[in-house]
Amino acid sequence: MIEEMSRIVRTITTLIYGFIAVYGFYVIIHGHLTPGGGFQGGAIVASAFALLLVTYGNKNTQSFLAKDILSLLESTGLVLFITFAFFGLGATFFYNFLSNSGGLFGSPATIGVNPGDLNTGGTITLMNMAVGLEVLAALGVIVLTMSVAAETIQKKEKP
Amino acid sequence: MIGNFPFVAVVILIGLGIYTLIFKKNLIKIAIGITLIENGTNLFLITLGYRKGAIAPIYTQAPEGVKMVLPTPQALTLTSIVIGVATTALILSIAMILYQKYGTLNTDEIRRLRG
Amino acid sequence: MKKSIFGIAFILFVAFMILAAFGMRPFGEPAFSEMDDYYIENAQAETGANNVVTTIVFDYRGFDTLGEATVLFTAVVGIVALFREVAK
């Protein structure tokens, strides 16, 4: 992963990278209506990061994806997840206090087969976004750290 | 008896994984064997919750009056897949550090060298 | 010598597991399904989401998801700590 790939691969990557990221965020946000959710959508966005890393090499990607910002995002995601669990402590830990209540994500639900409404779901939708943020940043940090270490190990044992 | 074929596929996956763990000496091949065993276990969890002629447990645009598959094993499999990712990442990182310190990835030679 | 003992034990083990796979319940008839019937009936009325698997992961069994998020976080901490002295 030291030098970058040919011109065709670089052109296609600049065109497609945005679409993959938008598709990943769509799967995260609509987690309570269609198959998907936090973990699956986070893995899709992390695969967009891996595509960037393979195409452009190590040095050019580090000006675009900084490891410090991704680490901060990951910690924020986990702390947000635990905070949303603590808010319902009136009844239980992890109580869904926003569903069917008319508040932020609380439209009343229609029973049976229906095209989904985005405003439903309660704390499930908020937790989906928090876990999606955490998985996205965790897989990005893993891929970036291992590629920098692989390049350093390869350079040290050349002579 | 031929209807039990998913369980036989699980046994084949786990058997291949255990064969790789016992008889191969390279560290990367051992990591692939551990991944094979985890994939076989996830497949076994999902095939335990199937009902004949049923659809996925989602209410958005589902056909009317059809039974649904059991949703609990699918939730447990999600957790198991993420734990498998974490384990594989740590095994490969330890393999990279071992290669840097010993110069080889063969478990017989690493056992003999002892820094 | 050691390899042949391992080989025979491995073949016996796989044969035993294939026999157990043929003797299991027929594929497509789960054993006990009272809990899942309750989840399928009441998940849409109680939480308002259409996806039953997501409500099980985040609402009915949210504690396991907390443990899983902590495992992922711990793995990332371990990897960054392992490679701290390589990238100098």
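This is a predicted model: local features need pLDDT of at least 70, side-chain atom pairs count only at pLDDT 80 or more; totals for chains, interfaces and linings use all residues.
Helix H1 (residues 7–29) and helix H2 (residues 38–61) of chain A pack at an angle of about 165°. Their axes lie 8 Å apart. An angle over 145 degrees counts as roughly antiparallel, so H1(A) is roughly antiparallel to H2(A). The crossing of the pair is left-handed.

Now look at the residues that meet there. H1(A) contributes Val9(A), Arg10(A), Thr13(A), Tyr17(A), Ile20(A), Ala21(A), Tyr23(A), Gly24(A), Phe25(A), Val27(A) and Ile28(A). From H2(A) come Gly38(A), Gln40(A), Gly41(A), Gly42(A), Ile44(A), Val45(A), Ala48(A), Leu51(A), Leu52(A) and Thr55(A). By class, the contact of H1(A) with H2(A) has 13 nonpolar, 7 polar and 1 charged residues.

Next, turn to chain B. Chain B has 4 helices and 0 strands. Read from the N terminus, its elements run α-α-α-α. How does its radius of gyration compare with that of a compact globule of 115 residues? Such a globule would have a radius near 13 Å, but chain B has 20 Å. Along the principal axes, the C-alpha atoms of chain B fill roughly 65 × 35 × 15 Å.

What share of the 115 residues in chain B is buried? The buried residues make up 18%. Contacts along the chain can also be sorted by separation. Take the contacts in chain B with a separation of 6 or more. Residues 24 or more positions apart account for 51% of them.

Finally, see where a helix of chain A packs with a helix of chain B. Helix H4 (residues 123–156) of chain A packs with helix H3 (residues 72–102) of chain B. The angle is about 15°, and the axes are 11 Å apart. Angles under 35 degrees count as roughly parallel, and H4(A) and H3(B) are therefore roughly parallel to each other. H4(A) passes H3(B) in a left-handed crossing.

Which residues meet between these two helices? On the side of H4(A) they are Ile142(A), Met146(A), Ala149(A), Ala150(A) and Ile153(A). On the side of H3(B) they are Ala89(B), Ser93(B), Met96(B), Tyr99(B) and Gln100(B). By class, this contact has 8 nonpolar, 2 polar and no charged residues.

Methods. Residues are numbered from 1 along each chain as its sequence is written. Chains are lettered from A and ligands numbered from 1 in the order in which they are written. The radius of gyration is taken over C-alpha atoms; the globule rule is 2.2 Å times the number of residues to the power 0.38. A residue is buried if 20 or more other C-beta atoms lie within 10 Å of its own, exposed if 12 or fewer, and partly exposed in between; C-beta atoms are placed from the backbone. Two residues are in contact if their C-beta atoms, placed from the backbone, lie within 7 Å. Axes are lines fitted to C-alpha atoms, for helices over the stretch in contact, and angles run from 0 to 180 degrees between N-to-C directions. Angles under 35 degrees count as roughly parallel, over 145 as roughly antiparallel, 65 to 115 as roughly perpendicular and the rest as oblique. A crossing is left-handed if the near helix is turned anticlockwise from the far one by less than a right angle, and right-handed if clockwise. Ala, Val, Leu, Ile, Met, Phe, Trp, Tyr, Cys and Pro count as nonpolar, Asp, Glu, Lys and Arg as charged, and the others, Gly among them, as polar.
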